[in-house]
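The model is predicted.

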Amino acid sequence: MKKIGIYIMVILVVTIILPTVIVKTFNFVPTGDRLQKNIASSEKIEEDKGKKRKTEKGEFNGNITVYDTRNQQVHEMDLEEYVKCVVAAEMPAEFHIEALKAQAVASRTYAISRTIEYPEGHPDHIAAPICTGIHCQAYFDLDELINIHPSDWAGKYWPKIEEAVDSTKGEVLYYNGEIIEPLYHSTSGGMTEDSMDVFSMDKPYLKSVSSPYEEEAPKFKSIVTLTGDEFIKKLITKYPGSNITKDNLSEKIKLVEKTKSGRIKKIAIDGTVINGRELRDLYELNSTNFTITYNPKTNIVEIQTIGYGHGVGMSQWGANGMAKKDKDYEEILKHYYTGVEIKTIDNGQLKIDN
Ligand SMILES: [Zn+2]
């Protein structure tokens, strides 16, 4: 008699999407006159070390103070020059110019919002309101960008990055009279996430919206493959009290709650309810929008994920898709950030655009 188990495919549907804030790490070594300017600024910062920061909450003077996560130094930088290096680090320069412009406005707004919010330094890096790591926004200086790209990159793409930033100079996103915190991510998988579901943060401009043009995203769909034993070992290591075996997998892992966009918000592991995000972290998944499939015959677990990143705010691949559909950067930003308006800030003085 053949084992019944051989013919039974146990399918666990666990669609989860995960939250992840987008950012990488960078080095801070600008070139040319930028280098000179930044060296001077760095020296000044060194002199000021230990003194109380002069910026008050709610103020912005045109410069931003950045903590370099690699060498633990603090640099004061011109906002627009900083934004160029962030755009180049956060988005492929091959993207449509309107997508790059949308990224420039989002990154500029993010930097200012952090500066205003944390004038005494961010609690996670008290030396400055914003850092160069993925904790805040990725930043690569021009030398580093040149090093990590093919030799013709700078000549081909740096002018495009500069155009994206220069043509939107000073433009930032507002909601209801206040500068917003414009989160963004790589690939939403078709629908973005409500910030409440991911970060327990109720922001009226970070609501779930469709993101229809992401087909070209390399991580639109991904699959993680493990043996049943590996899958269970990881679970039990993380949740030691769980009584989970290959025979009871389908009963012991239960979906509890999905978010509006279909990502996994809560899931029960042998009766213990955890956030979908925890499982994303455990198996290093691209998102919390996932489906787990176990085949007892092959003893293989496949976890398929859709999207890449936390899913909140602007989808970068979605932005590029919209741009290719002839949407301009304002349309892209207003699509992903519900109810916002774009205004121009000039040396701390706000004026309404148009
Ligand atoms: Zn940071």
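## What follows helix H10

Helix H10 is followed by Asp326, a residue with a positive phi, near 70°. The helix itself spans residues 316-324.

## Burial of H10

Eight of the nine residues of H10 are buried, so the helix is largely enclosed by the rest of the structure. Buried here means under 20% relative accessible area. The buried residues are Gln316, Trp317, Gly318, Ala319, Asn320, Gly321, Met322 and Ala323.

## Packing of H10 against H11

Helix H11 covers residues 329-336, and its axis comes within 10 Å of the axis of H10. The two axes cross at roughly 135°, which makes H10 oblique to H11. The crossing of H10 past H11 is right-handed.

On the H10 side, the contact is made by Gly318, Ala319, Met322 and Ala323. On the H11 side, Glu331, Ile332, His335 and Tyr336 take part. The residues of this contact comprise five nonpolar, two polar and one charged.

## The chain as a whole

The chain has 354 residues, of which 51% count as buried. Its secondary structure comes to eleven helices and 16 strands.

Among contacts in the chain with a separation of 6 or more, 71% are between residues 24 or more positions apart. The accessible surface comes to about 16300 Å², and carbon and sulfur atoms account for 50% of this surface.

How values were computed. Residues numbered from 1 in each chain as written. Predicted model: local features only at pLDDT ≥ 70, side-chain atom pairs only at ≥ 80, totals over all residues. Heavy atoms only, no water. Axes fitted to C-alpha atoms, helices over the stretch in contact; angles between N-to-C directions. Helix = DSSP H or I, 4+ residues; strand = E, 2+ residues; numbered from the N terminus. Parallel < 35°, antiparallel > 145°, perpendicular 65-115°, else oblique. Left-handed = near helix turned anticlockwise from the far one by under 90°. Contact = heavy atoms within 4.5 Å. Nonpolar A, V, L, I, M, F, W, Y, C, P; charged D, E, K, R; others polar. Buried < 20%, exposed > 50% of the residue type's maximum accessible area, 1.4 Å probe, protein only. Areas by Shrake-Rupley, 256 points an atom, 1.4 Å probe, with all protein chains shown as cover.
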